[in-house]
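Subject: Structure for your review

Hello,

I am handing over the structure below. Some notes on what was found in it follow.

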Amino acid sequence: LGDVLLTTPIIETIRRHYPCAHIAFMTTPLTQAVVEGNPHLNEVIIYDRKKNHRSVFKTLLFALSLRKKRFDTAIVFNPNNRANWIIFLAGILKRIGYSRKTPYLLTDCLKDEKDKEEKSEAFYNEDFLPFIGITPPHSRNIFCAVSEKDEEKIASFLKTHQIHKKFVVFNVSASCPSKIWPAKNFALLAKLIYEKLNLDIVLIGREWDCERVKGLAGIPLTIAAESLNLGELTALFKKAFLHITNDTGPVHLASFVDTPAIVIFGRTLIGLGPKRWAPLKGNNTILQKDIGCHPCLAHYCKIDFDCLKSTKVEEVFHATQKYQKNLTG
């Protein structure tokens, strides 16, 4: 999710420079909602490698179907063997990507230096722009479509759960254990915010993670879990006072609607940190502790992710207090 959201600024940039071009975006069913409804795209193409296009034969047929569209140029933003083969077999003349994972299938290659973490993932994507005659602008314009129906769904959701005052959205899950702040910490934080700041809390993430945090907190918490589509989730963030989250994709949706976020990072391995993955814009607070693990083993950690645990509940609570004071002050 985060990868695709941080690719959306480049779509607007290309459209601005090539207003008459036919621009398509190939993605998976998991992230198709991010780009559907994007006003700068003519077409969204779905490649489902886990189901409909799992076999080599189905992938070949998919590539041949692209050949009929007669694209001039393709950019592969994340090194991917299948994507490189697809655009090669589709007969696309200019094929741009990174110089690893079947680079011989490409016509133009860029050295992958993301592991140096010198800038945002979005700005690394823009490094491809000179290949198509565009000077990288460092755009921060993330996009995700939010419909009137999405807004109405969230208004109904908040009314149903009797959330009439300011509320905070907690994301208590992430794609990897190395990115997940302990459930007991989220629970203690929720209790402090609810009792001392008089703010309601909505939990998103995996159902079992949300249920565990709610059980440990012992206070009224509203669970949205994964019940909302991306447009609805964005509409929820738009209504929220604050987003408190692990290092995970939905934080970029909060950034899109200018909702501030407190983001808890753990691992310090270069290439996985906030300089590359923090929200592109907004009044955000990044919390990360370097506990001296050099090199950081990230998801292969041998000490139970102590870097995450080193960010204390009190620190996150004090950061929340500052946002509330700024709002009321």
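The side chains of E43 and H22 are joined by a polar contact of 2.9 Å (a pair of N or O atoms within 3.5 Å; within protein, one must be able to donate a hydrogen and the other to accept it, and residues adjacent in sequence count only if both atoms are side-chain atoms). This is a predicted model, with residues numbered from 1 along each chain as its sequence is written, and side-chain values use heavy atoms, leaving out hydrogens and water. Local features need pLDDT of at least 70 and side-chain atom pairs pLDDT 80 or more, while totals for chains, interfaces and linings use all residues.

E43 lies in strand β2, residues 43-46 (strands are DSSP E runs of at least two residues, helices H or I runs of at least four, numbered from the N terminus). Leaving aside residues up to four places away in sequence, E43 touches H22, I23, A24, F25, K69 and F71 (contact means heavy atoms within 4.5 Å).

The whole structure holds 7 aromatic pairs (rings of Phe, Tyr and Trp, the last by its six-membered ring, with centres within 6.5 Å; planes under 30 degrees apart are stacked, over 60 edge-to-face, the rest tilted). One of them is Y47 with F62, tilted, at 5.0 Å centre to centre and 50 degrees between the planes. Y47 is in the loop between β2 and α4 (56-67) and F62 in helix α4, 15 residues apart.

Helix α7 (residues 148-160) passes helix α10 (residues 230-239) with the axes coming within 8 Å and crossing at roughly 60 degrees (axes are lines fitted to C-alpha atoms, for helices over the stretch in contact; angles run from 0 to 180 degrees between N-to-C directions).

Regards
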